[in-house]
Amino acid sequence: MAVIDLANPTRFLNVVDRVLPWLAGVTALVFAYGLYRVLGAPDDYQQGATVKIMFIHVPAAWLSMMGWGVMTVAALGTLVWRHPLADVAGKAAAPVGAAFTFICLITGSLWGRPTWGTYWVWDARLTSVLVLFLLYLGMLALYWTAEDPGRSSRAAAILALVGAVNIPIIKFSVEWWNTLHQPASILRTGGSAIDPSILWPLLVMALAFTLLFFTLHLAAMRNEILRRRVRTMQMMQAQHLAGAET
Amino acid sequence: MSAFTALLIRDMRLSVRVGGGALMGVLFFLIVVVMMPFAIGPDLNLLARIGPAILWLGALLASLLALDRLFATDYEDGSLDLLMMGRMPLELAVAAKAIAHWLTTGLPLVVIAPVLGLMLNVEMNAMGWVALTLLAGTPALTFIGVIGAALAVTLRRGGLLLAVLVLPLTIPVLIFGVAAANAAIMGPQPFGPPFTILCALSLASFALGPFAAAAALRHGLE
């Protein structure tokens, strides 16, 4: 089935209804396997059991960036191809991405407390994730202010593209700012330096989190389509009632 | 007179007349800077050290103040529709309005900053550097803000939403502006790199801002 066939919301809802239970099931299975592997992973020789936070923290950080990526693609879909579902996809991705960014920040500060001795440091990476979170909140605020979905979708698409241009700049500027003022803290050893006994559970958890993202995203898209239908029906009903009175 | 200069002069004239916001930003800047010593305490050494940061933050907030009127007044009286239908490309019209906005609200902030710096115990020769960084950086604030102003007017809700959308995007400007000012005053880092990046941010936002704002207006008000 081509992407263009999914432009019909009813057909899209049918596909989602068929796919979503399977996707949710696979997500649960991968999570179960991932958590089992995480429990089997050895503790860090310095950090002890707190290193387990990494298995939630790192996938959440990856998905916080992927969330904005999905919104950028959806924004192009809205503005360039005018795909009817693109703005639904963008709108559904915003709260999910914001939630993953929030999880990343919370787990990061909980991890930072025992290892660094503080909940928060104005470190380059922490600060740029915080700014990403603020951009997500701005996007949600934009959706809250606009009552007409069609109008807000174009504005949100432009904000998503502007944000996509800005995120690398923010990351770069924040890193630059920090190397100027304080020595950079080393968050973790480089990817290749991780022992396979920890790397594999991490990759399984990343897969599980990605599947969770898409499950939530599809469910949120379905809810958004249904919400818009309810809105249209309510407006038609109100119009009908107003017509009956006159 | 070309349409571009005509629009530029019209906007400047409107902003200095009754109801325009040209001097309001300067007044707000003054009040923000005066409030700071009350919050931090009148320790002159401390104020001299964080003075450039206070001036930059005040300028950032003051430049936001008049932004929500940038397109809103034109939208209310219908002249925005004329601009969109006119022969001049909308991007150019947005650029003209943005330049006029910077000349009437951004430039006064740069001019007044040395005077406010005296109250913060920033040294006289250091004030020139701070003003220079503001001169290089405030255009970026305006041209990024134009995008937010265009988005806010299409949603018919200005004010708060504008600040929430624009402020995270201005963080790089703030970082490099304060970094350049501090490098010039205290060292030991060289002044050149942050200052040139600040100029680059201004030029890049000048190149991108009008296009994004025009796209927002075109998609939002059609």
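This is a predicted model: local features need pLDDT of at least 70, side-chain atom pairs count only at pLDDT 80 or more; totals for chains, interfaces and linings use all residues.
Q: What makes B:Leu80 count as buried?
A: A residue is buried if 20 or more other C-beta atoms lie within 10 Å of its own. B:Leu80 has 21 C-beta neighbours inside 10 Å, and therefore counts as buried.

Q: Where does B:Leu80 lie, and which residues does it touch?
A: B:Leu80 belongs to helix α5 of chain B, residues 79–85. Leaving aside residues up to four places away in sequence, B:Leu80 touches B:Phe71, B:Asp74 and B:Tyr75. Contact here requires C-beta atoms within 7 Å. As for B:Ala93, it stands 13 residues from B:Leu80 in sequence, with a C-alpha to C-alpha separation of 9.7 Å.

Q: Why is α9(B) described as largely enclosed by the rest of the structure?
A: Of the 15 residues of α9(B), 14 are buried, so the helix is largely enclosed by the rest of the structure.

Q: How do you know that the span of α9(B) agrees with its number of residues?
A: The expected span is 1.5 Å times one less than the number of residues. For the 15 residues of α9(B) this gives 21 Å, and the end C-alpha atoms are 21 Å apart, so the two values agree.

Q: What is the secondary structure of chain B, and why is the chain called as compact as a globular protein of its length?
A: Chain B comes to ten helices and zero strands. Its radius of gyration is 18 Å, close to the 17 Å that the globule rule gives for 222 residues, and chain B is therefore as compact as a globular protein of that length. Along the principal axes, the C-alpha trace of chain B spans about 55 × 35 × 35 Å.

Q: What percentage of each chain counts as buried?
A: In chain B, 52% of the 222 residues count as buried. In chain A, buried residues make up 33% of 246. Chain A has six helices and zero strands.

Q: Which elements form the side of chain B that touches chain A, and what is its class make-up?
A: In total, 22 residues of chain B are in contact with 24 residues of chain A. On chain B, the elements giving two or more residues are α7 (124–154), α8 (159–169), α9 (171–185) and α10 (192–221). The largest share, six residues, comes from α10(B). By class, this side of chain B has 17 nonpolar, four polar and one charged residues.

Q: Which residues have the most contacts inside the largest nonpolar core?
A: They are A:Leu159, B:Ala150, B:Leu151 and B:Ala216, in a core of 128 residues. The element that gives the most to this core is α7(B), with 16 residues. Beyond four places in sequence, B:Leu151 touches A:Ala155, A:Ile158, A:Leu159, B:Leu165 and B:Ala216.

Q: What is the predictor's confidence in chain A, and where does it stay under 50?
A: The mean pLDDT of chain A is 79, and 86% of its residues reach 70 or more. Over residues 180–191 of chain A, pLDDT stays under 50, and the model has nine contacts beyond four places in sequence for this stretch.

How values were computed
Residues are numbered from 1 along each chain as its sequence is written. Chains are lettered from A and ligands numbered from 1 in the order in which they are written. Two residues are in contact if their C-beta atoms, placed from the backbone, lie within 7 Å. Helices (H or I, at least four residues) and strands (E, at least two) are DSSP runs, numbered from the N terminus. Ala, Val, Leu, Ile, Met, Phe, Trp, Tyr, Cys and Pro count as nonpolar, Asp, Glu, Lys and Arg as charged, and the others, Gly among them, as polar. A nonpolar core is a set of buried Ala, Val, Leu, Ile, Met, Phe, Trp, Tyr and Cys residues joined through C-beta atoms within 7 Å. A residue is buried if 20 or more other C-beta atoms lie within 10 Å of its own, exposed if 12 or fewer, and partly exposed in between; C-beta atoms are placed from the backbone. The radius of gyration is taken over C-alpha atoms; the globule rule is 2.2 Å times the number of residues to the power 0.38. pLDDT is the predictor's confidence in each residue, from 0 to 100.
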